[in-house]
Amino acid sequence: MTPRRTAAVALLATAVAGCSSGTAPEKKLPPVNPRAASLAEGFGTMDRLVEAARKEGALTLVGVPRDWVNYGAVIDRFSGEYGVRVTVVEPGASSQREIDVSKAAPAGQAPDVFDLGMDVAIANAQRFAPYKVTAWQDIPDTVKDLKGHWYAGYGGYMSIGYDPRKVPAPKTFADLLRPGYAVALPGDPLRTAAAFNGVMAASLQGGRPEAKRGLEFFGKLKQGGGFRLPSQANTLVDWDYVNAAKAAETAGDDKPAWKVVIPSGAVLASYYVQAINKRAPHPAAARLWQEFLYTDEVQNLFLKGFARPARMEALEMKGKLDRQAAARLPLVPGAPVLLTVPQADEAKTFLKENWARTMK
C-alpha cells in the first residue's frame, strides 16, 4: 500500500471511530401544537401529548352514559392512567342534542369531544377539528371521513332480542308476524335512531333498503296485534349491543329470560363516530382521549360492553382481540349493509309523512 493510501485509510478509520464514540444528535421535535391534526404534527411523541393534556387537567364529554357500551370503565381507566379529570354533561343526550349543547355553551365550557351517530356527524363536519389517530389505518374507510373530521369508534348490528320462555327463536323478520310474538321498537322511529334503524332493517331486501317495506311490515304487526310497547313485549328490535347486554344478565340461568339473534337477510350495521370539537377548551386532552379510545385495550373494553370496535378486524388479524368477549356477540349471517346519507334522508322523509297514519 502506498503512503498516500495508508494515510487515507488511517484518516477514514479515525473519522469512523469519532462518529461511533459520540452520541448521535437527537432529532429536534416541533413545538407543541395542541390543535394539530395528528400526534406527529402536534406533539412528536406520546409523552409530549400526555404532558400537554396533564397541564390542561380536564376533559369534558357529552352524551355518554357510564352504562353505555362500557364507557364507565373507559372513563375511569383514562382518568386513572393520565390524571385528567373527566366531566360528562348530559349523559343521555342524543347525537343532535350533543351538537345543540355545544352551540349553546359559553366559551371555555363547550364539550371537548363528541360521540355521534354517523348521519349527525356528517351533517356537522364543519364543527369538528380534523385529527387522525395513530391507529388511523385500522379504521375502515367506509366509516371515517378521509380528512379526519370524524371516524367510527364502535358499532353493531340491528338485532332481535326475545324471551325464549315465551316464543321460539326467530330467524328472520317474517317470523315475527307469527302468533305469539309481541314486538316492540325502542322508541318512535321519527325521533329515536335505534327505532328508525329497526324499521330500515326490516325493510332490507337483497341488501337494498326501502322505507315503504319497513312501514308495511310494522303496519302488519300493528294490524295483527303484535306491535306493543316495550313494557308489554316479549321481543325487541334493537341494536345487538343492547340486546346482548340484556341477554348476559340471565345467561347463567337454567332458563335464560333473554336471547338475541341477528336476522338473516337483514344485516343492518351502524357505527357511533368520534370527533373533536373545534371549540374544545382542552384540545390536548381531547386528542389524548381519541388516541386512548383506539388503543387495543380500550377497543376491547368496548367489546366487553357488547359493542363491535371499529378496529375489530385489525385486532383479530394481530391476535389482540379479546376472543372471550367476542364470543358473547351474536353471529352475523351475511354481509352487512350501511345506510348512505341519501338513503337515510329519503327514508326519514317518507316515514315522517306516513308512519303516524299507518300505525294509529
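Q: In this predicted model, helix axes are lines fitted to C-alpha atoms over the stretch in contact. How are α7 and α8 oriented to each other?
A: Let's start with the geometry: helix α7 (residues 193-203) and helix α8 (residues 211-223) have axes 7 Å apart and pack at an angle of about 100°. Angles of 65 to 115 degrees count as roughly perpendicular. That makes the orientation of α7 to α8 roughly perpendicular.

Q: How many residues of the contact of α7 with α8 are nonpolar, polar and charged?
A: On the α7 side, the contact is made by Gly198, Val199, Met200, Ala202 and Ser203. From α8 come Ala211, Arg213, Gly214, Leu215, Phe217 and Phe218. These residues divide into 7 nonpolar, 3 polar and 1 charged.

Q: Where around the axis of α9 do its buried residues lie?
A: In helix α9 (residues 240-248), the buried residues are Asp240, Tyr241, Asn243, Ala244 and Ala247. They span an arc of only 165° around the axis, which puts them on the same side of α9.

Q: Which kind of aromatic pair do tryptophan 68 and tyrosine 241 form?
A: The ring centres of tryptophan 68 and tyrosine 241 are 5.4 Å apart, and their planes stand at 90°. Planes over 60 degrees apart count as edge-to-face, so the pair of tryptophan 68 and tyrosine 241 is edge-to-face.

Methods: Residues are numbered from 1 along each chain as its sequence is written. This is a predicted model: local features need pLDDT of at least 70, side-chain atom pairs count only at pLDDT 80 or more; totals for chains, interfaces and linings use all residues. Side-chain values use heavy atoms; hydrogens and water are left out. Axes are lines fitted to C-alpha atoms, for helices over the stretch in contact, and angles run from 0 to 180 degrees between N-to-C directions. Helices (H or I, at least four residues) and strands (E, at least two) are DSSP runs, numbered from the N terminus. Angles under 35 degrees count as roughly parallel, over 145 as roughly antiparallel, 65 to 115 as roughly perpendicular and the rest as oblique. Contact means heavy atoms within 4.5 Å. Ala, Val, Leu, Ile, Met, Phe, Trp, Tyr, Cys and Pro count as nonpolar, Asp, Glu, Lys and Arg as charged, and the others, Gly among them, as polar. Buried means under 20% relative accessible area, exposed over 50%, partly exposed in between (1.4 Å probe, protein chains only). The arc is that of the directions from the helix axis to the C-beta atoms. Rings of Phe, Tyr and Trp (its six-membered ring) pair if their centres lie within 6.5 Å; planes under 30 degrees apart count as stacked, over 60 as edge-to-face and the rest as tilted.
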